[in-house]
Amino acid sequence: VQLVESGGGLVEAGGSLKLSCAASGRTVSNYRMGWFRQAPGKEREFVAAIKWSGARTYYADSVKGRFTISRDYAKNTEFLQMNGLKPEDTAVYYCTAGGSYCSDYGCYHAVGQWDYWGQGTQVTVSS
């Protein structure tokens with residue numbers, strides 16, 4: 001599975017961006033999908049995830065109520081709508097896919113539980 005992110009850029013605080021992640025190589029309809037981010041000098045951290053069925057979503061507390069994860073099975077693509085952006089959201093955002101079963105939030109939250117990663121897209125929020 002190859003993952004390619006797009007949609008990053010520079011935005012003022014309070015603004016919005018929508019990230020996309022296109023998967024190729026095989027269908028990801030039975031994969032859970034997610035987003036992580038990494039700011040300079042910090043570890044990669046969980047942002048959001050969606051179950052393979054789309055029936056449930058998970059969010060980091062820092063983005064809950066501002067970000068929305070979704071997926072389009074027909075296009076083999078996932079999205080991250082980011083509203084109310086803050087300077088602390090500045091980071092490289094990575095798309096990820098996982099083929100194994102995750103039973104709880106802790107599993108979705110762990111970097112090691114994901115199998116495939118995109119190259120990342122930069123999001124910069126100015127104050």
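Mentor: Accessible areas come from the Shrake-Rupley method with a 1.4 Å probe, and for residues only the protein chains shown count as cover. By that method the accessible surface of the chain comes to about 6,300 Å², of which 49% belongs to carbon and sulfur atoms. This is a predicted model, in which local features need pLDDT of at least 70 and side-chain atom pairs count only at pLDDT 80 or more, while totals for chains, interfaces and linings use all residues. Residues are numbered from 1 along each chain as its sequence is written, and side-chain values use heavy atoms, with hydrogens and water left out.

Trainee: What makes the radius of gyration of the chain agree with that of a compact globule?

Mentor: The radius is taken over C-alpha atoms, and the globule rule is 2.2 Å times the number of residues to the power 0.38. For 127 residues a compact globule would have a value near 14 Å; the chain has 13 Å, and therefore the two agree.

Trainee: Why is phenylalanine 46 called buried?

Mentor: Buried means under 20% relative accessible area, exposed over 50%, and partly exposed in between, with a 1.4 Å probe and protein chains only. Phenylalanine 46 has a relative accessible area of 4%, so this residue is buried. Phenylalanine 46 lies in strand β5.

Trainee: What is phenylalanine 46 in contact with, leaving aside its neighbours within four places in sequence?

Mentor: Contact means heavy atoms within 4.5 Å. The partners of phenylalanine 46 include Trp35, Phe36, Tyr58 and Tyr105.

Trainee: Why is asparagine 76 also called buried?

Mentor: Its relative accessible area is 13%, and therefore asparagine 76 is buried. Asparagine 76 sits in the loop between β7 (67-72) and β8 (77-82). Its phi is near 55°, a positive value in a residue other than glycine.

Trainee: Which residues touch the most other members of the largest nonpolar core?

Mentor: A nonpolar core is a set of buried Ala, Val, Leu, Ile, Met, Phe, Trp, Tyr and Cys residues joined through side-chain atoms within 4.5 Å. Of the 36 residues in the largest one, these are Trp35, Leu80, Met82 and Tyr93. Strand β5 (residues 45-50) gives the most to this core, with five residues. Not counting residues up to four places away in sequence, leucine 80 touches Trp35, Val47 and Tyr93, among others.

Technical notes: Helix = DSSP H or I, 4+ residues; strand = E, 2+ residues; numbered from the N terminus.
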